Number of protein chains: 2
Amino acid sequence: MLRQFSKRINVNAIRARDFAQLILFRASSSDIDKDKFEVKINQTNETFELYEKKVNIASGKLKKFEFPFVYLRDNCQCEFCYHAQSSSRTLSWENFDVSIKPKNFLFDDSRNVLKVIWNDNEQHTSEYDYEWLKARNFSIENREHYLKTFYRPDKKLWTKNNFKSILQNFDFMKIIETDHELYDWLNCLAIHGVAIIKNTPQTENEIRRIAERVGFIRRTHYGEDFTVKAKEGASNVAYLTAPLQMHADLPYYHHAPGVNILHCLVQSKSKGAENLLTDGFQIVNIMKQDHPEEFEALSKILVNWYDVGKEESGPPFHSILRAPMFCFDYENKIERINHSIPQRDSFFTASVEDVKRWYKALAKFIELIHREAVEFKTEEGTILSFDNSRLLHGRKQYEDSAGNYRHLVGAYLDWDEIYSRLRVLQKELKKKY
Amino acid sequence: MLRQFSKRINVNAIRARDFAQLILFRASSSDIDKDKFEVKINQTNETFELYEKKVNIASGKLKKFEFPFVYLRDNCQCEFCYHAQSSSRTLSWENFDVSIKPKNFLFDDSRNVLKVIWNDNEQHTSEYDYEWLKARNFSIENREHYLKTFYRPDKKLWTKNNFKSILQNFDFMKIIETDHELYDWLNCLAIHGVAIIKNTPQTENEIRRIAERVGFIRRTHYGEDFTVKAKEGASNVAYLTAPLQMHADLPYYHHAPGVNILHCLVQSKSKGAENLLTDGFQIVNIMKQDHPEEFEALSKILVNWYDVGKEESGPPFHSILRAPMFCFDYENKIERINHSIPQRDSFFTASVEDVKRWYKALAKFIELIHREAVEFKTEEGTILSFDNSRLLHGRKQYEDSAGNYRHLVGAYLDWDEIYSRLRVLQKELKKKY
């Protein structure tokens, strides 16, 4: 079938070498709806230029999309090069020619398709739908649009002052039953790093139900879901009634869990037990601006985060991660904060000078996270969800009493699964991309 | 109890302010076994200096350990500052004074303990065992020793030429039954990135048994353990008999799985089906040295890795990670390679110029990973385990036939759990740290 098609194109196509630098298939102005696009070869002889003539006429600007030949050959959508069922590229790169050029090409206005015959031995033929090309065009605007609207929502940082305006409530059963509420909750969590789920049934299994709406619970050496109650012989300081200083969970994991979900089954009637929350990325920005030396120390000096112990049901563990407090992504944007007073190792593998300046920077950081901390007591039936890579959280001291034992059930979710679910829902709900 | 102790020290201790810069408690040479250590305050008035006199006499060199006051105060081991049961620091940092100084101090030779009374309002008292201090001393040698012998074993890179000399076999039942074999397997995997397990019973459950000796299976959107068989309607190109080009698994996960374990239940009797393996970190080194422009392109230009589809048992997924092919850790050492021809997105959010130079660099990388690839066919009863962040793996084409359907069962492990298990085993087996 491909061979037949290939022959047909050969007859109609115009030879690229004769038309490089020239705009092909010029349409008369009366013919605009039919012949909407023009294609030519860029003077580098490495890319196609594709012009959307309609936009040109409407705005007075010539909208040009540029596509490297090598990119188009690599992304041929034919059944030999692309396995549609698994959305996977199947062409072989063992003998791939990165200098490949088109032998012939044309824009088929009747089907809105760019057709290319390549100059390899087989004269392989590719077709690219105009909408497919447009969505992938390399303009800065398009790339930014794609990243913000589909890759990951942009984060909006908050302070103590505007926390109330960003905090949103979602309904447990609506999340279970509707994709809209699920999408809105996860989108809010991605943007603001915190969201509340109300009206959760009072059983220990609800945290698992909500996690499975997203994907699955992220397991750690503490298991999957876990109970937070004050107890004797605690393997973790979170299982004490003493104040839980502000921290991020599990900084000793290279793959630290992305999101905490904490279901309040029984809240303490005593004074205390309030949650503390701070948008840590906001603090990083403040430190970068106002305390550059401390910012630098917390960004560069590696600390050993650790956890050593044994859970009832599991084997012993001795986790260590050597990482700075502030971790940045591949574009040098803050992506994770490590901070935990209990889970910071007494093995500190840095120089004496670095150790001294690191402690001074830590003190500044702790001062700022307390200055910007919001305080609230979650109600029974509430799930508090927050971004563990971004927010610092803590809990004030409380007292259990006869008949009133504070009781939470918690679990973790990973951002990999959350972003994946958001994209699937976005496609379902909004029919984009 | 603490108060009593504190009083006793006060009587015997010498006031720090009078003795800064002076060596305290000088011992006569005949008294060396009893009075082994000296302590003084450094001229910065920010650190203690601790001298091991025995070493001094034996080697002619004065062995000096320096400990910042702030570090020691932060790491006070008393029951108020440290919760031994959970190995967690419990002192409060809300009012912690990073400028804290000792009010009094001495080295108690009878118990090998440094005692410090701090100059805070409560005159808090701390004790530090000499062995505890020595293990944590900040000398470069000690830090390097700690990192190499306990944090993570040093990786040893290999090439096609010396692969046979580094490939080690381990016995399935010995791993299940003895901690020595478990330790040796995981240690080999950490150092060389590849290890073979032989004599595995021929059931589909063995991969889970071996994973649970380490910790637990790393779950992904493909589930926990998975079956690799050629099948109709494949959701992933790995489930085809066509050649599987060299790649790393799941590059679209921010938290990509650390280790692949693949149990060969039925091997193909046809020509083909050989595994291909390359030590990718070796290739990164070669490119850095010999092809700096290509190295730079693959280190800096972000690519969209993706996987879109649906597994039989799970909800749909649409994973994307935007990351370079070569990813570096906090000390700028290579820590992960992303490479997968099928799972590279046609959305490539880079500039046209970057796209062009990225493809040229990719071609060089693929040339080199094939040049350095080793080739072998795993036998039935073998588990192939390898580091998915470091090695590239592939599989040659094969043919299933009546009565001979190639059949593997695979799963992933995370390095977080493997390193944790290695440390626990090291402590058990070698009584170190």
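This report walks through a predicted model with chains A and B.

## Ground rules

Residues are numbered from 1 along each chain as its sequence is written, and chains are lettered from A and ligands numbered from 1 in the order in which they are written. Because the model is predicted, local features need pLDDT of at least 70 and side-chain atom pairs count only at pLDDT 80 or more, while totals for chains, interfaces and linings use all residues; side-chain values use heavy atoms, with hydrogens and water left out.

Helices (H or I, at least four residues) and strands (E, at least two) are DSSP runs, numbered from the N terminus. Chain A has an open, antiparallel sheet of three strands in the order β2-β3-β4. Its edge strands, β2 (37–41) and β4 (63–68), each pair on one side only, where pairing takes at least two DSSP bridges between two strands. From one strand to the next, the twist averages 20 degrees.

Five bridges tie β2(A) to β3 (residues 47–52) of chain A, and A:F37 has A:E52 as its bridge partner in β3(A). Chain B joins in here: its helix α13 (residues 352–371) packs on the sheet, touching β3 and β4 of chain A (contact means heavy atoms within 4.5 Å). The direction of that helix makes about 10 degrees with that of β4(A); axes are lines fitted to C-alpha atoms, for helices over the stretch in contact, and angles run from 0 to 180 degrees between N-to-C directions.

## The hairpin and the core

Further along chain A, strands β18 (residues 326–328) and β19 (residues 334–337) run antiparallel, joined by three bridges. A:F326 is the bridge partner of A:I337 in β19(A). Five residues sit between the strands of this hairpin, and A:N332 takes a positive phi near 65 degrees.

A:F326 turns up again in the largest nonpolar core, which has 101 residues. Such a core is a set of buried Ala, Val, Leu, Ile, Met, Phe, Trp, Tyr and Cys residues joined through side-chain atoms within 4.5 Å; buried means under 20% relative accessible area, exposed over 50% and partly exposed in between (1.4 Å probe, protein chains only). A:F326, A:F348, A:Y359 and A:F365 touch the most other members, and helix α13 (residues 352–371) of chain A gives the most, with ten residues. Leaving aside neighbours within four places in sequence, the contacts of A:F348 include A:W358 and A:Y359, along with B:Y71 and B:F138 from chain B.

## An enclosed helix and a loop residue

Helix α14 (residues 415–430) of chain A is largely enclosed by the rest of the structure, because twelve of its 16 residues are buried. Among them are A:W415, A:Y419 and A:L425.

A:D154 is partly exposed, at 44% relative accessible area. This residue lies in the loop between α6 (140–151) and α7 (163–166) of chain A. Not counting residues up to four places away in sequence, A:D154 touches A:K148 and A:I191.
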